[in-house]
Structure formats: C-alpha cells, structure tokens
Amino acid sequence: MNLDKLNRSVLAAHASGDGVALAQLYQFAGNEFVSAGSIDEGCFFLTQAYVYSLEFGLESAEEIRIALIEHGRER
Amino acid sequence: MDALQFPERRIESSRGLANAHYVSSDRYYEEREALLFSSWSGAAVASDVPNPGDAAPIDFAGMPLLLLRDHDGDVKVFQNTCRHRGMILVEEKCNLRGTIRCPYHSWCYNLDGSLRATPHVGGPGRNFDENVDRRNLGLFEVRSCVWRDIVFVNISGDAPEFDEYAKVIKDRWKEHEGKPLYAGPGSSSFEFDVACNWKLAVENYCESYHLPWIHPGLNSYSKLEDHYHIEEPGLFSGQGTLVYRQIVGEKGERFPDFDGLSEFWNEGAEYVALYPNVLLAVQRDHAYVLLLLPQGPGRTIERVQIYYPFEPETRPDLAQLMETNGKLWFGVLGEDLFVVEGMQRGRHGVMFDGGKFAPKMDGPNHLFHLWVADRMLARGRRMAAE
C-alpha cells in the first residue's frame, strides 16, 4: 500500500466533500492494515470508513460494522 | 410582572399591551416561553422538505430545529443539536442519503433520531464506551404536526393535542379541510425581514380597520363595510370579506376553485391570525400562509407561501398567472411593512400607554392582546407555584 498516495487521495476527497470516495479509501486502508496484522490502525481506518458509509447510505456500512464487531470495536 | 400592564376584558376601557412587550429583551424571552414554546406555533412548511431524506435547519425564535422527511415520508422535527458537544448538526438544506453526521466528532444519528454510531468514543478505532449509552442519547424530538402544509411545533411538549387546538378553525373552514394544497412556484414563496416585534404583525393582520389607508388598491373594490370581524377568544381572530375577486389573467384565465366549496366562497374570503404566529388566508382559488418567525424583540422574518388547488407543473397555462399572483401578494403584504415597523419605533415612546382601542374596529386585535395577557398571567402563576 502506497501511504503517500492514499493520503493524497484522502485529502483530495475531504477537500471535495466526496464521501463515497472517503468511505472506499478508508475501507481499503483499514482492510490493508488488518490484513497485515495491524488491528488498531486497521480499525481506526475502518471506523472512518464506517462513518462515511453510514452518512452516504452505502451498503458497505454493514460489512464494516461486522468487521468492527469481530475485532471488538463496535456493538 | 405587573398585571396593570395588561389589557382589560372590556375593549371600551382597555389599553393595549405595554411597550415592554415589544421592546424589552427580557419580556421577549418570557413571551417566547409563554406564547411560542408552550403553544402550537408555526415553524416551517412541509413543502420545504418534499422528498424522503430532505432536511432543513430552522431557527425558531432562536431555537435550532431540524426539519426532515424520513424514508417513510413522515415529517419530523428534532432539536438540531448533537448530544455530544452541542454542535449544530445540519447547517443548510440538504438531502440525507444515510445518517445525520455531526460535523464535529462524527456521531451519527438515524433519521428517527436514534444514535447510530459514536466513532472513536472509546479511543482510536474503538467505537463504544461503557459510559456512553447510545440508547439514551438520541436526538431530542420536538412535538410536531403538519396541517395545511404548516409544520406546527410545541417545544414545551405539554400543549393540548393538536387536533384539539385546531378543532375550531378546522370546523370554521370545514369546506376547505383536507383539500389538497400545492405550494406554488417562483414568486409564490417569499420573505420579508421586518424591524418589528412579531406580535405587531399579528395585530395588523387581524384587523380590517387599516385597509382603506394602507391598501387603497384593495379598497377600490373591497371596502371597509364589506368586511366582518372573526373573533374566537383564546384561539384566533381576523377578518373576512364578502367581495373577494379572483385574479384574472390577460387572456381571461383564472385559477380553478378548491373542490366542493359552497356559494359563500364565490365572493367570501377569510384572513385569520391563528395564535400565536400563523397568519392564514383562505379563498376559493388559492390560499397562503404567512409564518412569523421571531428573531428578537424588534425583528421578525415573515415567511409567505402561496398554495393552489392543483399541481403547478400540470398547469403550464397558469404559470404566468401564478407568477403575477405571487407578485401581487408580495406588493399587498409589503404595504404593511412600514406600519408594523412604525408601530415598533412608536413603542420606544416612553409615554405610550399601550394605546386606545377603537371598540367597534379593533375587536380581533383586542382579543389577541387578551390572549397574550392570559398566557403571561398563567406563566406567572406557574412560576409562583414552582
């Protein structure tokens, strides 16, 4: 995962208010960190993704919620 | 509270409300509670949020409210304040595709007001905390009811049921009750930002005494003697006319009537101030509401919406007439502005004693003063009991 590129993409999405892109970018980052065994970082990003998925009514909200529950980060 | 400042039951010997009711900041907040928050008050129109997910922030006498239409199509009103740090949740009109996200720490609320998510509340990436029970932290819902497209709110939550409050006016206008109302486009919706206390706009609206002087254009066909008082103590007051004339377009076009009206409405029309702050007009072929949205003791937003008995987009042949009609009402209602602003400035005259009512002409106005007095006295009794 290219973190610099991800950061730039996240900042661009924040600047343009593109919540759908934010949800996708954060979810991608979260899954990458979780896969690499960095659960805390991964759940931070998944939480960010969860919020934007909820706000924009995306179907991804439910799968993210389940992932967070599995890691003991959501109820 | 000095009871001597209040009007008397007999209009012949009564003075109007004292200056403080119009210029005092303290009195404004007392009245906000006693007159506006504890009653059913008009705060918005439901056509502001026509689609599921539509949301609009409302400033109702300084109280931040959130008007929204949920995914079932029901209109709801919440306090527009996050339960976490008190941040305003929605700043401008929008369509909510999902939840309401607080822009500060992103607590998320469902459209039914329940708290859905509390991100990072237990630390980074940890989204719950033993001491933050989401079940008890939903948005505060404000009691609300929609009638004639008007969103009425009862902030205190303890006013009588809306149907009880509105029963008499619904009975009076039973021929109009339940008929579809369609918000007009373009010039059918407008606002005035007026330098007066909101009550002065009520008082001016509910009497016909001023018509020959302030609305000479109307007076050319609608003379003072063609009007009658509408007086329903404790509920509403206003004026009716017996010579209503339909607007006619350049090609002779007219708006269709509301269905099923009796002959009375051919030339009858009524203009009522439903206490506290909803000014209504009912006519054979269109209606309007004027909401008085207080901004402080000396400033009021007058929000007007005109309604028709047909869906505007289905009648392009009447588009120009609707535009003309909106402009007509903008002009007529605008004629009253210098009066209410003048009365506001006049009430800074320290020798003004509330004014002398004209007993034969000011009955509807006097009734409103009595309603204010009764509500304020009741508030005083409640506070004394506490």
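Helix α3 of chain A lies across β6, β7 and β8 of chain B, and runs at about 135 degrees to β8(B). The axes behind such angles are lines fitted to C-alpha atoms, for helices over the stretch in contact, and the angles run from 0 to 180 degrees between N-to-C directions. Helices (H or I, at least four residues) and strands (E, at least two) are DSSP runs, numbered from the N terminus.

This is a predicted model, in which local features need pLDDT of at least 70 and side-chain atom pairs count only at pLDDT 80 or more, whereas totals for chains, interfaces and linings use all residues. Residues are numbered from 1 along each chain as its sequence is written, and chains are lettered from A and ligands numbered from 1 in the order in which they are written.

**The interface**

Between the two chains, 14 residues of chain A are in contact with 15 residues of chain B, where contact requires that the C-beta atoms of two residues, placed from the backbone, lie within 7 Å. On the side of chain A that touches chain B, the largest share, 8 residues, is supplied by helix α3 (residues 39–55) of chain A. That side of chain A is made up of 7 nonpolar, 2 polar and 5 charged residues, with Ala, Val, Leu, Ile, Met, Phe, Trp, Tyr, Cys and Pro counted as nonpolar, Asp, Glu, Lys and Arg as charged, and the others, Gly among them, as polar.

**The sheets of chain B**

The strands β6, β7 and β8 of chain B form an open sheet in the order β6-β7-β8 with antiparallel pairing. Strands β6 (100–101) and β8 (115–117) of chain B are at the edges with a single partner strand each, so one side of each has no neighbour in the sheet. Two strands are taken to pair if DSSP finds at least two bridges between them.

Another open sheet of chain B has 4 strands in the order β4-β3-β2-β5, again with antiparallel pairing, and its edge strands, β4 (75–79) and β5 (94–95) of chain B, each pair on one side only. Strands β2(B) and β3(B) form a hairpin with 2 residues between them, and in the turn B:A61 has a positive phi of about 50 degrees.

| Strand pair | Bridges | Residues opposite each other |
| β2(B) and β3(B) | 6 bridges | B:I58 and B:L65 |
| β7(B) and β8(B) | 2 bridges | B:Y109 and B:L115 |

**The helix pair of chain A**

Helix α3(A) also packs with helix α4 (residues 60–70) of chain A, at an angle of about 150 degrees and with their axes 9 Å apart. The two helices α3(A) and α4(A) are therefore roughly antiparallel, the classes being roughly parallel under 35 degrees, roughly antiparallel over 145, roughly perpendicular from 65 to 115, and oblique for the rest. Among the residues making this contact are A:C43, A:L46 and A:Y50 of α3(A) together with A:I64, A:R65 and A:L68 of α4(A). By class, the contact of α3(A) with α4(A) has 9 nonpolar, 3 polar and 1 charged residues.

**Domains of chain B**

Chain B is divided into domain 1 (48–144) and domain 2 (160–370), with bounds that come from an automatic or database domain assignment. The C-alpha centres of these two domains of chain B lie 35 Å apart.
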